[in-house]
Amino acid sequence: MASKYKGSFLHLLMKCSLFILVLCAQFGGGQKKKENMLAEKVEQLMEWSSRRSVIRMNGDKFRRFVKAPPRNYSIIVMFTALQPQRQCSVCRQANEEYQVLANSWRYSSAFSNKLFFTVVDYDEGADVFQQLNMNSAPTFMHFPPKGKPKRADTFDLQRIGFAAEQLAKWIADRTDVQIRVFRPPNYSGTIALALLVSLVGGLLYLRRNNLEFIYNKTGWGMAALCVVFAMTSGQMWNHIRGPPYAHKNPQNGQVSYIHGSSQAQFVAESHIILLLNAAITMGMVLLNEAATSKGDVGKRRIICLVGLGLVVFFFSFLLSIFRSKYHGYPYSFLIK
């Protein structure tokens, strides 16, 4: 009886051992298959990167190399609309900065197969835009090696701008990959400064016998106002952050020149604010002229009305823009 139970137990043990061996073989085969698939994907991406720093992708490539596992690399994707019929000037500007960043990574000594730069154009991957419920371009996203992208994996372009240096900081936060941005030499600033110095020097030389214009208070006042208008309209912020000139919605083609948030602005917005400030200042100058001059009363009255109209209308416009950016601001004047 004991030998019978012993034989049954040994038979059961052999079956269990055989089952475990089959499972191990299947698991090992599956793991080997994943490793081969991953190696094939990385090899293909490296080959494409050797040709171009930014890999162009359509819907099929995006699903295979970005969305589908296995993946042990990070991918930065720029979703854009570069075709001329889309008329997206911001996309072209952002693409130039993206190319600078990708080239800096591709030709750096730290380049590896842990990070790739790709681009999906709306006209080549409209299905990808629909899959991600994306209705604006350009947009930068990071797809990590494991898991789904989080909120921080979408670059805040509207607030930070799309300068290559800002993108590099964001990538460092998301991937721990440090990229030093190398820009091709640009001598336009140096040439412009040299031309300006030459122009001023030539003017001073031609007027060397009569330099009274240097002491012209009106001229210096106008120059000071130009600097004040440039600084108060946000030109320095534009220079540091590199925001887009405007934003065009690729779905309906609507162009926005005023940013809806108080934390960001467009370049066009700063130009509008500069012109509004200049118009208000001109109105105040006219009011002062009407009050202090000793000319004809009728002429002074007209100057006063024109100055008052400039101040009232353009200040109302300026206040309405402020209300559109600072939601909940209770005050308005003429224009809401």
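In which handedness of crossing does α3 pass α6?

**View 1. Packing of helices α3 and α6 in the predicted model.** The crossing of α3 past α6 is right-handed. Helix α3 spans residues 89-106 and helix α6 residues 164-175; their axes lie 9 Å apart, at an angle of about 55°. This angle makes α3 oblique to α6. On the α3 side the contact is formed by Glu97, Val100 and Leu101, and on the α6 side by Ala164, Leu167, Ala168 and Ile171. By class, the residues of this contact are 6 nonpolar and 1 charged, with no polar residue.

**View 2. The largest nonpolar core.** This core has 51 residues, and those touching the most other members are Phe79, Leu101, Phe117, Phe140 and Ile179. Helix α3 supplies the largest share of the core, 8 residues. In soluble globular proteins, nonpolar side chains tend to be buried together.

**View 3. Surroundings of Phe140.** With neighbours within four places in sequence left aside, Phe140 is in contact with Val77, Met78, Ala94, Tyr98, Asp153, Thr154, Phe155, Leu157, Phe162, Leu167 and Trp170. One of these, Leu167, also belongs to the α6 side of the contact between α3 and α6.

**View 4. Ser49 in helix α1.** Ser49 lies in α1, which covers residues 2-51. Its relative accessible area is 6%, so Ser49 is buried. Apart from neighbours within four places in sequence, Ser49 has contacts with Ile55, Arg106, Phe111 and Phe116.

Methods: Residues numbered from 1 in each chain as written. Predicted model: local features only at pLDDT ≥ 70, side-chain atom pairs only at ≥ 80, totals over all residues. Heavy atoms only, no water. Axes fitted to C-alpha atoms, helices over the stretch in contact; angles between N-to-C directions. Helix = DSSP H or I, 4+ residues; strand = E, 2+ residues; numbered from the N terminus. Parallel < 35°, antiparallel > 145°, perpendicular 65-115°, else oblique. Left-handed = near helix turned anticlockwise from the far one by under 90°. Contact = heavy atoms within 4.5 Å. Nonpolar A, V, L, I, M, F, W, Y, C, P; charged D, E, K, R; others polar. Core = buried A, V, L, I, M, F, W, Y, C linked by side-chain atoms within 4.5 Å. Buried < 20%, exposed > 50% of the residue type's maximum accessible area, 1.4 Å probe, protein only.
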